Amino acid sequence: MPLKTVDATLSTFNAVFEKFKSEAPNNKNNLILFLADNEPSTNRSWCPDCVRAEPVIYKKLESSGDDVALLRAYVGDRPTWRNPLHPWRVDSTFKLKGVPTLILWEKGEVKGRLEDHEAHIEKKIDSLLATK
């Protein structure tokens with residue numbers, strides 16, 4: 001089964017996340033990838049770590065052969081993300097410190113995570129997917 005991807009922004013996240021959670025039991029792995037928004041002028045992410053990690057993450061998930069759901073949550077532009085009171089920084093579930101952050105979501109909670117400087121490392125992605 002192909003990788004199932006759904007996107008959310010700060011304003012749409014709650015509704016998209018509820019649907020994601022309701023469909024989670026149908027998938028072998030459920031992941032949330034917090035990413036920086038694209039710059040309108042370049043249509044590329046303002047976050048170099050996101051640019052580096054995204055293709056590696058997608059390649060690993062698409063080649064896994066399992067039913068995988070990926071919720072891509074976009075944190076906003078650089079000033080929005082830099083705010084120490086950003087909703088996902090202060091959220092008791094996600095506690096984001098950097099982007100990209102790849103989270104393994106299982107049975108209603110965070111079961112594992114890879115943060116900015118490690119989210120592009122294939123062996124770490126494999127280990128995260130093997131966390132069961």
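The largest pocket is lined by Lys-4, Thr-5, Val-6, Val-16, Lys-19, Phe-20, Glu-23, Asn-27, Ala-69 and Leu-70. The model is predicted, so local features need pLDDT of at least 70 and side-chain atom pairs count only at pLDDT 80 or more, while totals for chains, interfaces and linings use all residues. Residues are numbered from 1 along each chain as its sequence is written, and side-chain values use heavy atoms, with hydrogens and water left out.

**The largest pocket**

- A pocket is, on a 1 Å grid over the protein atoms alone, an open set of points where a 1.4 Å probe fits, with protein on both sides within 12 Å along at least five of seven lines; lining residues have an atom within 4 Å of a point.
- The volume of the largest pocket is about 180 Å³, taken as the space filled by probe spheres set on the grid points, which are joined across faces, edges and corners.
- Strand E1 (4-9), helix H1 (13-23) and strand E3 (68-74) each give at least two residues to the lining; helices (H or I, at least four residues) and strands (E, at least two) are DSSP runs, numbered from the N terminus.
- H1 supplies the largest share of the lining, 4 residues.
- The lining comprises 5 nonpolar, 2 polar and 3 charged residues; Ala, Val, Leu, Ile, Met, Phe, Trp, Tyr, Cys and Pro count as nonpolar, Asp, Glu, Lys and Arg as charged, and the others, Gly among them, as polar.

**Packing of H2 and H5**

- Helix H2 (residues 48-63) packs against helix H5 (residues 122-130) at an angle of about 45 degrees, with the axes 10 Å apart.
- H2 is therefore oblique to H5, as angles under 35 degrees count as roughly parallel, over 145 as roughly antiparallel, 65 to 115 as roughly perpendicular and the rest as oblique.
- Axes are lines fitted to C-alpha atoms, for helices over the stretch in contact, and angles run from 0 to 180 degrees between N-to-C directions.
- Val-56, Ile-57, Lys-59, Lys-60 and Leu-61 of H2 meet Glu-122, Ile-125, Asp-126 and Leu-129 of H5, where contact means heavy atoms within 4.5 Å.
- The residues of this contact divide into 5 nonpolar, no polar and 4 charged.

**Backbone features**

- Val-99 and Pro-100 are joined by a cis peptide bond, with omega about 0 degrees.
- Pro-100 lies in the loop between helix H4 (87-90) and strand E4 (101-106).
- Asn-43, although not a glycine, has a positive phi of about 60 degrees.
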